[in-house]
Structures are given as C-alpha cells and as structure tokens.
Amino acid sequence: KDKAISDENFGVKSTYDKTVEGFYLKNNKNIKFLPIGTGARFPNLKKFHAESCAIQRVSFTNLMRMSKLEELNLGFNQIRLIEEKSFLSLVELKSLWLNNNLITHIDEITLNSLWKLTYLDLSFNRISIITVDTFEDLAELQQLNLKLNQLKSISSFTFVFKINLHKLDLSFNEIEEIDGLFDRTLSKSWSKLTLLDLSDNKLTV
C-alpha cells in the first residue's frame, strides 16, 4: 500500500483472474497513480471505478490491455494530465467520467480510439480550449457534459455529425460566442438533440 502511494510504477500481480469484471478503488485518498498491470491481471474487466482518490495523471501503461472495459470512472481526483494515448486500448468503452479534476487541456487525439463511447463527463475542470477535432471520432456519443469549465469560445462544428447526441451541457463557462450555432448542416446533425444547456455564460445576441 505504501508503495502505491509514492511510486507511479507500482503494479498488481500478473496472475490471471478471468472471473473479475468489476474493479473498484474509489475513496482511497492515498492512491496517486493507477496500478500498472490491472488489465493483464483482470483480462475480462468491464468496470473500473477509481473516483474520489488522489490520482494525478493518466497514461497508456495504466490502462493497457483493457480491451473489454465498458465503464471507466476517474471523477473527483486531482488529474492534471492525460497522456495522448492513454485510452488507446479501450475500444469497447461506453462511459467515461473525468469530472471534478484539474484538467486544462484535452489533446486532439486523446479520445480518437473511443469509437463506442456514448457518455462523456468532463464537467468541473479547467478546460479553456476545445477544437473541432477533440470529439471528431466519437460517432456514438449521446451525452456530453462540459459544465463548469473555462471555455470562452467554441465552434458548433465541434459537434457536427454527432447524429446520436441527445444532451449537450455547456453551462457555467465563459462562452461569448458559438460560431455556426444556427448553421443548417448542424441542424441536421443534431436531429436527436433533446437538451442544449448554455446557461450562465457570457453570450450576446
């Protein structure tokens, strides 16, 4: 346990256990790094919850060999950095919680392997820039929460061709303008959208 506190290379034993589908580490304030080798130890893992710990960053080695994972909850941590290939092996992931962290930036290729993702929570962070490429490959995305970040401007074309998007929360940011919000192409892309929350921003008509 003490090694896990201070050593980012700490790992779990490599013996296979194919029966485990859920791994929960939540509410362990001494955990600063996700253990390496979890995917090798639990090859059939579908749910990995490590919310409310003290995790500082996420890398590819923390999440490798988790090709069957469907849920990953890293909310309520102290994550500042997500390395760009961290989620590369998570090809079956459907739900991802990164809320209530210290994230300032999402690299343009960080999420591009998450083709089956339907739910993404990035709320309560410090993200100031989202580009048109950030969510480009998330074709199945249904709910996106960017509430309470530091966004000042955003292009509506960031969400173009997100034909499955149902809910988009951009509330409590500093957005002054959304380029192309009423573009006809976007209207077609948002045919399933039921909720668009732009409350508590700095928009002008």
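Where is N201 found? N201 sits in the segment after β12 (195-197).

## About the model

This is a predicted model, where local features need pLDDT of at least 70, side-chain atom pairs count only at pLDDT 80 or more, and totals for chains, interfaces and linings use all residues. Residues are numbered from 1 along each chain as its sequence is written, and side-chain values use heavy atoms, with hydrogens and water left out.

Helices (H or I, at least four residues) and strands (E, at least two) are DSSP runs, numbered from the N terminus. Buried means under 20% relative accessible area, exposed means over 50%, and partly exposed lies in between (1.4 Å probe, protein chains only).

## The segment after β12

N201 has a relative accessible area of 18%, so N201 counts as buried. Its side chain makes polar contacts. A polar contact is a pair of N or O atoms within 3.5 Å; within protein, one must be able to donate a hydrogen and the other to accept it, and residues adjacent in sequence count only if both atoms are side-chain atoms. The side chain of N201 reaches the backbone nitrogen of N173 at 3.3 Å. A polar atom of that side chain also lies 3.0 Å from the backbone oxygen of L198.

D200 lies in the segment after β12 too. D200 is not a glycine, yet D200 has a positive phi of about 55 degrees. At a relative accessible area of 48%, D200 is partly exposed.

## Two salt bridges

How many salt bridges does the structure hold? There are two. A salt bridge is a side-chain nitrogen of Lys or Arg within 4 Å of a carboxyl oxygen of Asp or Glu.

One joins the side chains of D17 and R41 (4.0 Å, N to O). D17 lies in the loop between α1 (2-6) and β1 (22-24), and R41 lies in helix α2 (residues 38-41), so the pair ties together parts that are 24 residues apart in sequence. D17 is partly exposed, at 22% relative accessibility.

The side chains of E92 and K116 also meet in a salt bridge (3.0 Å, N to O). This pair links distant parts of the chain, 24 residues apart. E92 is in the loop between β5 (81-82) and β6 (95-97), while K116 is in the loop between β6 and β7 (119-121). E92 is partly exposed, with a relative accessible area of 26%. K116 is partly exposed as well, at 37%.

## Surface patches

Patches are made of residues with over 30% relative accessible area and no salt bridge: like charges are joined within 9 Å, nonpolar side chains (Val, Leu, Ile, Met, Phe, Trp, Tyr) within 5 Å. Accessible areas come from the Shrake-Rupley method with a 1.4 Å probe; for residues, only the protein chains shown count as cover. Lys and Arg count as positive and Asp and Glu as negative, while His and the chain ends are not counted. The place of a charge is taken as NZ of Lys, CZ of Arg, CG of Asp or CD of Glu.

Which residues form a positive surface patch? They are K18, K46, K68 and K94. K68 belongs to the loop between α3 (60-63) and β4 (71-73). K68 is partly exposed, with a relative accessible area of 42%.

F60, M64 and L88 make a nonpolar surface patch of about 230 Å². M64 is in the loop between α3 and β4. With a relative accessible area of 30%, M64 is partly exposed. R65 lies in the loop between α3 and β4 as well. R65 has a positive phi of about 65 degrees, although R65 is not a glycine.

## Buried residues and pairs across the chain

Is L168 buried or exposed? L168 is buried, at 0% relative accessibility. This residue is found in strand β10 (residues 167-169). L168 and L193 are 25 residues apart in sequence, and their C-alpha atoms are 7.9 Å apart in space.

S156 is in the loop between β9 (153-155) and β10. S156 is buried, with a relative accessible area of 0%. A polar atom of the S156 side chain lies 2.6 Å from the backbone oxygen of D179.

K85 lies in the loop between β5 and β6. K85 is partly exposed, at a relative accessible area of 49%. K85 and L138 are 53 residues apart in sequence and 15 Å apart in space, C-alpha to C-alpha.
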